[in-house]
Amino acid sequence: MEEKIDVQKLIGQALGARTKAYAPYSEYQVGAALLSAQGRVYPGCNIENASYGATVCAERVAFFRAVQEGEREFQAIAIVGGKKGEAPEGFAYPCGICRQVMKEFCKEDFMIIVAKSIDEYEVSTLGELLPHGFGGDCIV
Ligand code: THU
């Protein structure tokens with residue numbers, strides 16, 4: 001758990017997950033690789049639906065897979081996104097709903113890596129991307 005995170009390896013796994021994206025409507029393909037506290041990696045891709053609101057983002061697919069496997073604590077997530085058939089042009093920061101799902105399971109120092117390639121990336125924490133977030137401790 002205290003081992004240093006291999007950021008480039010995690011980005012590579014997100015790029016691999018992106019190849020599985022099901023995005024026939026937007027043609028915007030996203031991949032994520034979620035690193036648990038125990039060191040296991042859970043990939044996710046976006047899965048769209050003809051009823052657009054039923055679409056699920058790559059990040060949430062990764063989280064839900066991990067939680068279903070019994071994971072509850074996480075260190076980091078790498079995210080890549082871009083037009084189908086092209087390398088990512090920009091940084092795919094997580095949407096608000098995904099940030100809220102992260103808030104449920106992660107601490108403020110959870111690392112969010114957005115990447116265009118394995119050597120072009122930006123790193124933030126959940127606390128930076130979701131300041132003053134609403135969590136279980138708010139419900140009293
Ligand atoms: N998408 C993600 O997978 N993650 C995000 O954080 C933002 C958006 C997906 C949803 C949809 O399939 C496509 O990107 C375009 O919005």
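Trainee: Thanks! Which residues surround the ligand?

Mentor: Before we start, keep in mind that this is a predicted model. The ligand is surrounded by Ser26, Tyr28, Val30, Asn46, Glu48, Thr55, Cys57, Ala58, Glu59, Tyr93, Pro94 and Cys95.

Trainee: And how do those divide into nonpolar, polar and charged?

Mentor: The shell around the ligand has 7 nonpolar residues, 3 polar ones and 2 charged ones.

Trainee: Which strand and which helix each supply at least two residues of that shell?

Mentor: Those are strand 1, residues 28-36, and helix 2, residues 58-68.

Trainee: OK, what about polar atoms? What lies 2.8 Å from an oxygen atom of the ligand?

Mentor: That's a polar side-chain atom of Glu59. The side chain of Asn46 also has an N or O atom 2.9 Å from a ligand oxygen. With Cys95 the backbone takes part: one of its polar backbone atoms is 2.9 Å from an oxygen of the ligand.

Trainee: How much of the ligand does the protein bury?

Mentor: The ligand taken alone exposes 370 Å², and the protein buries 76% of that.

Trainee: Switching topic: in what order do the strands of the sheet come?

Mentor: The order is 2-1-3-4-5, in an open sheet of 5 strands with mixed pairing.

Trainee: Why is one side of strand 2 and of strand 5 left without a neighbour?

Mentor: Strand 2 (41-45) and strand 5 (120-125) stand at the edges and each has a single partner strand, so one side of each has no neighbour in the sheet. Neighbouring strands here are turned by 20 degrees against each other on average, ignoring direction.

Trainee: Back to strand 1. How does it pair with strand 2, parallel or antiparallel?

Mentor: Antiparallel, over 5 bridges. Gly31, for instance, has Cys45 in strand 2 as its bridge partner, and Ala33 stands opposite Pro43 of strand 2. The two strands form a hairpin with 4 residues between them, and Gly39 in the turn has a positive phi of about 95 degrees.

Trainee: What about the other edge? How many bridges join strand 4 to strand 5?

Mentor: There are 6, and strand 4 (residues 111-117) runs antiparallel to strand 5.

Trainee: Last one: which strands does helix 2 lie across?

Mentor: Helix 2 lies across strand 1, strand 2 and strand 3 (74-83), and it runs at about 140 degrees to strand 2.

Technical notes. Residues are numbered from 1 along each chain as its sequence is written. This is a predicted model: local features need pLDDT of at least 70, side-chain atom pairs count only at pLDDT 80 or more; totals for chains, interfaces and linings use all residues. Side-chain values use heavy atoms; hydrogens and water are left out. A residue is near a molecule or strand if one of its heavy atoms lies within 4 Å of it. A polar contact is a pair of N or O atoms within 3.5 Å; within protein, one must be able to donate a hydrogen and the other to accept it, and residues adjacent in sequence count only if both atoms are side-chain atoms. Accessible areas come from the Shrake-Rupley method with a 1.4 Å probe; for residues, only the protein chains shown count as cover. Ala, Val, Leu, Ile, Met, Phe, Trp, Tyr, Cys and Pro count as nonpolar, Asp, Glu, Lys and Arg as charged, and the others, Gly among them, as polar. Two strands pair if DSSP finds at least two bridges between them. Axes are lines fitted to C-alpha atoms, for helices over the stretch in contact, and angles run from 0 to 180 degrees between N-to-C directions. Contact means heavy atoms within 4.5 Å.
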